Amino acid sequence: VYDNGARAVAGAEVPNSLPAAADDGEGGVSAGATACARLPHDVGRYAPNTTTLRLTGLAQYYTRRFLFQGELGLQMFLYDDDIPGDSSDLGVRVALGAGIRATYTVAILLELSSLLFATDGTGDDNVTSLDLGLRYASGRAIFGARLYLPIDDPLRGLDMVGVGLDGGFRF
């Protein structure tokens, strides 16, 4: 939708990931550490012994100099039989961001990302991060780089700073 130079975009995605990550030895340690680092964004992509089903809605609003975006999604984590005591968890992903469009194709973004777990355990199962990113988007491709700083105790106590790179093509 266009209106006086502003643009609104909405979409949805239904990606899934299968349990392809290693679950033993050095590969299991590496996959587990990567899943831990990706907790605020998409833990299911890297978690060992986990099939993840996702349903996500996305929205963006652009003006000539500013942009706003949001994401809301459900994630169902289905664990293999070798995970004791649990067969599944449900997560809700929420992200809100705002940015400055330095040019028509380059934007600087600040985003608050959370993954809220609905588990049968007690305690705080939510993980939130603050992301600072740079994004390039043309008519056919989009590329991004981000630094993210976990702001919840479980990951903040590890003195962790994350780096993310992503890209995609439009058809």
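A salt bridge is a side-chain nitrogen of Lys or Arg within 4 Å of a carboxyl oxygen of Asp or Glu. In this predicted model, the side chains of E71 and R93 form such a pair, with 3.1 Å from N to O. E71 belongs to strand 5 and R93 to strand 6, and the two residues are 22 apart, so the pair links distant parts of the chain.

Some conventions come next. The model is predicted: local features need pLDDT of at least 70, side-chain atom pairs count only at pLDDT 80 or more, and totals for chains, interfaces and linings use all residues. Residues are numbered from 1 along each chain as its sequence is written, and side-chain values use heavy atoms, with hydrogens and water left out.

**The chain as a whole**

The protein chain has three helices and 10 strands. Both are DSSP runs numbered from the N terminus: helices are H or I with at least four residues, strands are E with at least two. Along the sequence their order is β-β-β-α-α-β-β-β-β-β-β-α-β.

Of the 171 residues in the protein chain, 33% are buried. Buried means under 20% relative accessible area, exposed means over 50%, and partly exposed lies in between, for a 1.4 Å probe and protein chains only. The protein chain exposes about 10,300 Å², of which carbon and sulfur atoms supply 63%. Accessible areas come from the Shrake-Rupley method with a 1.4 Å probe, and for residues only the protein chains shown count as cover. A contact means heavy atoms within 4.5 Å. Among contacts between residues at least 6 apart in sequence, 52% join residues at least 24 apart.

Two strands pair if DSSP finds at least two bridges between them. Strand 4 (residues 50-62) and strand 5 (residues 66-79) run antiparallel and are joined by 13 bridges.

G73 in strand 5 is the bridge partner of T56, and the bridge partner of G73 in strand 6 is R93. R93 also takes part in the salt bridge with E71. R93 counts as buried because its relative accessibility is 8%.

**The salt bridges**

The structure holds three salt bridges.

| Pair | Distance, N to O |
|---|---|
| E71 and R93 | 3.1 Å |
| R146 and E111 | 3.1 Å |
| R146 and D131 | 2.4 Å |

E111, D131 and R146 are linked in a network. R146 counts as partly exposed, at 23% relative accessibility. E111 counts as buried at 8%, and D131 is buried at 2%. R146 lies in strand 9 and D131 in strand 8 (residues 126-137), so this pair ties together parts 15 residues apart in sequence.

**A nonpolar patch**

I108, L110, L112, L130, L132, L134, L147, L149, I151, V161, V163 and L165 form a nonpolar patch on the surface, with about 1,100 Å² of accessible area together. Patches are made of residues with over 30% relative accessible area and no salt bridge; like charges are joined within 9 Å and nonpolar side chains (Val, Leu, Ile, Met, Phe, Trp, Tyr) within 5 Å. Strand 7, strand 8, strand 9 and strand 10 (162-169) each supply at least two residues of the patch. V161 is found in the loop between helix 3 (153-156) and strand 10. V161 is exposed because its relative accessible area is 56%.
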